[in-house]
Amino acid sequence: MLACRIHAKDDLRVEHTDVPEAGPGEVLLKLGAGGICGSDLHYYFEGKNGSFVVREPLIPGHEASAVVAAVGAGVTRVKPGDKVAVSPSHACGRCDYCREGREQLCANMKFLGSASLFPHVQGMFREYFVMGERQCYPVDGDVSLGELAFAEPLAVGLHAVNRGGELLGKSVLITGAGTIGCVTIMAARLAGAQTIAVSDILDRPLQQATLVGADVALHAQREAHSLTQPQFDVAYEVSGSFAALKTCMAAVKRGGVVVQVGTLPHEPLPFVVNDVMAKEIDLRGAFRWGIEFDWAVAYLSTRRVDVRPLLSGQYSLQDAVAAFQLAADKNRSTKVQVVC
Ligand SMILES: [Zn+2]
Ligand SMILES: [Zn+2]
């Protein structure tokens with residue numbers, strides 16, 4: 001079978017390896033579709049993601065759907081042939097955070113396709129992989145494997161909106177109109193936001209955002225003046241840009257909420273904490289997701305949330321390098337997937 005491995009910066013190889021076997025309570029999965037995320041791009045183009053450095057070959061990929069190929073002893077949740085969304089989150093289930101229902105804060109988290117631990121936790125850009133049955137979310141219906149692979153990013157958007165609080169009747173700003181910006185728009189609509197504005201520095205993502213439900217699309221440079229007045233109840237900073245965070249702090253009303261969703265650069269930032277104080281802004285973090293993964297699978301399987309406009313291309317696993325190149329070009333793509 002084939003597996004993608006990032007050996008170092010700009011060094012992604014598609015290599016042959018053995019098909020693993022499912023032990024008791026485990027499931028052997030055949031990759032359906034795997035979405036390329038910003039963190040995968042960082043590992044490939046920089047050899048690191050923030051402070052997580054590739055120190056041994058890393059199989060990327062944490063957004064995937066699959067088909068059950070075989071099940072180990074005692075598995076009851078899925079059967080061979082089932083179509084599943086795969087949760088990349090292995091929380092321990094025992095620490096205080098897990099027990100209070102915030103598994104994204106788990107003290108012993110293993111997250112797939114990440115170099116945060118050593119040995120690295122290998123990801124899902126490979127033909128076959130083994131997961132615990134708890135990681136598998138079977139679905140019925142005609143939802144495609146490509147759509148199902150959006151469960152992880154959609155869960156990020158749902159969690160961001162959940163962290164921002166109630167949205168009925170509220171005006172919101174989302175800075176960044178890539179995949180996560182777009183799924184945050186979709187989540188904000190589900191939650192009843194009255195108006196949704198989005199900003200980005202590129203035109204294509206802004207057009208995409210309008211297509212999936214943004215009411216106002218603002219170019220962060222050409223229309224910067226529109227973003228200097230305090231006018232939003234809640235702002236979600238999704239792009240990972242410090243300039244965008246400053247925009248959120250300026251554009252949110254007094255007493256508003258700012259949710260940091262994107263990963264900002266690792267360097268110390270000269271942050272205007274006085275805004276937090278004088279405007280009584282609630283500044284909150286949103287990290288991955290918890291129960292929202294379950295919700296995302298349900299919304300996708302009924303198409304209550306239709307992510308099909310976000311899928312820009314699919315490449316076979318052998319052509320992973322081409323897939324990564326297209327995924328990195330935000331003038332040409334939103335979400336790019338590798339498929340089997
Ligand atoms: Zn991701
Ligand atoms: Zn835990």
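Biologist: How far apart are the centres of domain 1 and domain 2?
Modeller: Taken over C-alpha atoms, the two centres are 27 Å apart. The contact takes eight residues from domain 1 and 11 residues from domain 2, where two residues are in contact if their C-beta atoms, placed from the backbone, lie within 7 Å. This is a predicted model: local features need pLDDT of at least 70, side-chain atom pairs count only at pLDDT 80 or more, and totals for chains, interfaces and linings use all residues. Residues are numbered from 1 along each chain as its sequence is written, while chains are lettered from A and ligands numbered from 1 in the order in which they are written.

Biologist: Where are the domain bounds?
Modeller: Domain 1 is 2-150 + 307-339, and domain 2 is 156-285. The bounds come from an automatic or database domain assignment.

Biologist: How many residues are in the largest nonpolar core?
Modeller: That core has 105 residues, and Leu154, Val172 and Leu300 have the most contacts inside it. A nonpolar core here is a set of buried Ala, Val, Leu, Ile, Met, Phe, Trp, Tyr and Cys residues joined through C-beta atoms within 7 Å. Buried means that 20 or more other C-beta atoms lie within 10 Å of the residue's own; with 12 or fewer it is exposed, and in between it is partly exposed, C-beta atoms being placed from the backbone.

Biologist: Which domains does this core draw on?
Modeller: At least three of its residues come from each of domain 1 (2-150 + 307-339) and domain 2 (156-285).

Biologist: Take Leu154. Where does it sit, and what does it touch?
Modeller: Leu154 is in helix α4, residues 151-164; helices (H or I, at least four residues) and strands (E, at least two) are DSSP runs, numbered from the N terminus. Leu154 counts as buried because it has 30 C-beta neighbours inside 10 Å. Not counting residues up to four places away in sequence, Leu154 touches Val183, Ala296, Tyr299, Leu300, Val305 and Val307.

Biologist: And Leu300, what does that touch?
Modeller: With residues up to four places away left out, Leu300 touches Val143, Glu147, Leu148, Phe150, Ala151, Leu154, Val305 and Val307.

Biologist: At what angle do α4 and α5 pack?
Modeller: About 55°, with the axes 8 Å apart. That makes α4 oblique to α5. Axes are lines fitted to C-alpha atoms, for helices over the stretch in contact, and angles run from 0 to 180 degrees between N-to-C directions. Angles under 35 degrees count as roughly parallel, over 145 as roughly antiparallel, 65 to 115 as roughly perpendicular and the rest as oblique.

Biologist: Left-handed or right-handed?
Modeller: The crossing of α4 and α5 is right-handed. A crossing is left-handed if the near helix is turned anticlockwise from the far one by less than a right angle, and right-handed if clockwise. Leu154 and Gly157 of α4 are among the contact residues, as are Val183 and Thr184 of α5.

Biologist: How do α5 and α6 pack?
Modeller: α5 (residues 179-190) and α6 (residues 203-211) pack at about 20°, with axes 10 Å apart, so they are roughly parallel to each other. Their crossing is right-handed. Gly181, Cys182 and Ile185 of α5 meet Pro205, Gln208 and Ala209 of α6.

Biologist: Is Gly178 buried or exposed?
Modeller: Gly178 is buried, with 25 other C-beta atoms within 10 Å. It lies in the loop between β12 (171-175) and α5. Leaving aside neighbours within four places in sequence, Gly178 is in contact with Pro205, Lys330 and Thr334.

Biologist: What about α1 and α10?
Modeller: The axes of α1 (residues 38-46) and α10 (residues 320-328) come within 10 Å and cross at roughly 110°. That makes α1 roughly perpendicular to α10. The crossing is left-handed, and Leu41, Tyr44 and Phe45 in α1 meet Phe324, Ala327 and Ala328 in α10.

Biologist: Backbone next. What joins Phe118 and Pro119?
Modeller: A cis peptide bond, with omega about -5°. Pro119 lies in the loop between β9 (110-111) and β10 (128-132).

Biologist: What is the phi of Asp10?
Modeller: It is positive, about 60°, although Asp10 is not a glycine. Asp10 lies in the loop between β1 (2-8) and β2 (11-16), and is exposed, with 12 other C-beta atoms within 10 Å.
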